[in-house]
Amino acid sequence: MKRALATLTTLLLASSLQAADVDVVEPYARATAPGQMNSAAFMQLSNKGDATRLTGASSSAAEVVELHTHQHDQGVMRMRQIEAIDLPANETTTLAPGGLHIMLIGLPQPLAAGGSIELNLEFEDGDTRTLQVPVQMVMPGGMKHGNKSHGMHN
């Protein structure tokens, strides 16, 4: 009886701790100029399962990593740190220049185009993902150098 109860408990816990069913599409980090101490990472998060949230991120490429958005504040666009990014069920959420993004603060060295950084994503269900994120030049307006992606998608 104890063994059956332990098995049932394990199955129930496993079903309640399902990992986020989120695909990470086209991640990239913005290349920086020498002396520039901050950058950002962008991507599309395609949630194939139940609603969840991106609750954090980390990277050895930066001293601090924060989730950010841009908001209008008295006619001026300002970046604001946020606690989480909602990922609605069966929708794609875009992290792009001028909108939601992952801020990389306190870079010990510049991010060079053509390189990559490791980025860890943390979801509200405890799931984590480790990504190798390519570093790319991003032109004003969000266009990535070398392709036709504009970074501002709905």
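Trainee: What makes arginine 53 and glutamate 83 a salt bridge?
Mentor: This is a predicted model, and its closest N and O atoms for arginine 53 and glutamate 83 are 3.1 Å apart. The cut-off is within 4 Å, between a side-chain nitrogen of Lys or Arg and a carboxyl oxygen of Asp or Glu, so the label applies.

Trainee: Why is this pair said to tie together parts of the chain?
Mentor: Arginine 53 lies in strand β3 (residues 52–58), and glutamate 83 lies in the loop between β5 and β6. These parts are 30 residues apart in sequence, so the pair ties them together.

Trainee: Which salt bridge does arginine 53 form with glutamate 124, and what is the N to O distance?
Mentor: Their side chains meet at 3.6 Å, N to O. That is within 4 Å, so it counts. The pair links distant parts of the chain, 71 residues apart: strand β3 and the loop between β9 (116–123) and β10 (128–136). Glutamate 124 is partly exposed, at 46%.

Trainee: What joins into one network here?
Mentor: Arg53, Glu83, Asp86 and Glu124 do, through salt bridges that share partners. The whole structure holds four salt bridges. One of them is arginine 129 with aspartate 127, at 3.1 Å from N to O.

Trainee: Why is aspartate 127 called buried?
Mentor: Its relative accessibility is 14%. The cut-off is under 20%, so aspartate 127 is buried.

Trainee: How do you know that tyrosine 28 and phenylalanine 42 form an aromatic pair, and why is it called tilted?
Mentor: The rings are 5.3 Å apart, centre to centre. Rings pair if their centres lie within 6.5 Å, so the two qualify. The planes make 40 degrees. Stacked is under 30 and edge-to-face is over 60, so the remaining word is tilted. The structure holds one aromatic pair.

Trainee: What makes serine 39 a buried residue, and what does its side chain reach?
Mentor: Serine 39 lies in strand β2. Its relative accessible area is 4%, under 20%, so it is buried. The side chain reaches the backbone oxygen of arginine 30 at 2.5 Å. Serine 39 also touches residues including Ile102, Leu107 and Leu111.

Trainee: How do you know that β4 and β5 pair?
Mentor: Six bridges join β4 (residues 64–73) to β5 (residues 76–81), and the strands run antiparallel. Pairing needs at least two bridges, so the strands pair. Threonine 69 stands opposite arginine 80. In the hairpin, glutamine 74 takes a positive phi near 55 degrees.

Trainee: Why is asparagine 90 called exposed?
Mentor: Asparagine 90 is at 60% relative accessibility, over 50%, so the word holds. Its place is the loop between β6 (85–87) and β7 (91–95).

Conventions. Residues are numbered from 1 along each chain as its sequence is written. This is a predicted model: local features need pLDDT of at least 70, side-chain atom pairs count only at pLDDT 80 or more; totals for chains, interfaces and linings use all residues. Side-chain values use heavy atoms; hydrogens and water are left out. Helices (H or I, at least four residues) and strands (E, at least two) are DSSP runs, numbered from the N terminus. Buried means under 20% relative accessible area, exposed over 50%, partly exposed in between (1.4 Å probe, protein chains only). Rings of Phe, Tyr and Trp (its six-membered ring) pair if their centres lie within 6.5 Å; planes under 30 degrees apart count as stacked, over 60 as edge-to-face and the rest as tilted. A polar contact is a pair of N or O atoms within 3.5 Å; within protein, one must be able to donate a hydrogen and the other to accept it, and residues adjacent in sequence count only if both atoms are side-chain atoms. Contact means heavy atoms within 4.5 Å. Lists of a residue's contacts leave out its neighbours within four places in sequence.
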